Amino acid sequence: MKKLLIVVDYQKDFVNGSLGFKEAEDLDEYLASLIDQYHQNKDDVIFTFDTHQNNYLETQEGKNLPIEHCIKNSDGWELYGKVNTAKKEYDICIEKTTFGSLELGNYLKGKAYSQNMLIL
Ligand SMILES: [Zn+2]
């Protein structure tokens with residue numbers, strides 16, 4: 001049975017961008033090696049992307065956290081560093097406009113994995 005790795009919002013804005021912090025940068029090497037390992041074992045990897053539009057500051061989240069981040073297709077929206085390099089075309093990518101993700105829940109419904117690992 002396959003294993004599943006979910007890499008949550010490891011985007012530039014959360015690592016070294018507008019909402020970044022040093023400890024997030026330190027995870028890059030480890031995360032990339034974990035992703036490589038899952039690929040080698042033909043296990044599944046899902047990447048989630050916090051995704052906002054240009055009107056972010058007018059949204060509910062923008063009013064609570066008035067720091068622009070993860071604007072779709074901006075540099076800060078992209079995955080960070082070695083994690084970005086480790087990502088393959090066939091990996092599943094889920095854009096989410098809020099903290100939770102119905103799309104991710106729906107994707108996982110009815111799927112069975114031997115082990116799930118969630119990296120926040
Ligand atoms: Zn956000």
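Residues are numbered from 1 along each chain as its sequence is written. Because the model is predicted, local features need pLDDT of at least 70 and side-chain atom pairs count only at pLDDT 80 or more, while totals for chains, interfaces and linings use all residues; side-chain values use heavy atoms, with hydrogens and water left out.

**The zinc site**

Asp-50 (OD), His-52 (NE2), Glu-61 (OE) and His-69 (NE2) coordinate the zinc ion at 2.1 to 2.3 Å. Donors are N, O and S atoms within 2.8 Å of the metal (3.2 Å for Na, K and Ca), and sites may look incomplete because water is not among the atoms. The spacing of the donor residues in sequence is D-x1-H-x8-E-x7-H. Asp-50, in strand E2 (residues 44-50), and His-69, in the loop between helix H4 (60-64) and helix H5 (81-86), link distant parts of the chain, being 19 residues apart. Helices (H or I, at least four residues) and strands (E, at least two) are DSSP runs, numbered from the N terminus.

The angles among the 4 donor atoms run from 89 to 170°, and the site is irregular.

| Side-chain pair | Polar contact |
|---|---|
| His-69 and Asp-50 | 3.0 Å |
| His-69 and Glu-61 | 3.1 Å |

Asp-50 is buried, with a relative accessible area of 4%, and His-69 is buried at 1%. Buried means under 20% relative accessible area, exposed over 50%, and partly exposed in between (1.4 Å probe, protein chains only).

**Helix H3**

The buried residues of H3 include Leu-31, Leu-34, Ile-35 and Tyr-38. Seen down the helix axis, the buried residues of H3 fall within an arc of 160°, so they line one face; the arc is that of the directions from the axis to the C-beta atoms. Exposed Glu-29 and Gln-40 lie on the face turned away from the buried side. Just after H3, Lys-42 takes a positive phi of about 60°.

Terms used. Four donors count as tetrahedral if all angles lie between 85 and 135 degrees; four count as square planar and six as octahedral if opposite donors are over 155 degrees apart and all others between 65 and 115; anything else is irregular. A polar contact is a pair of N or O atoms within 3.5 Å; within protein, one must be able to donate a hydrogen and the other to accept it, and residues adjacent in sequence count only if both atoms are side-chain atoms.
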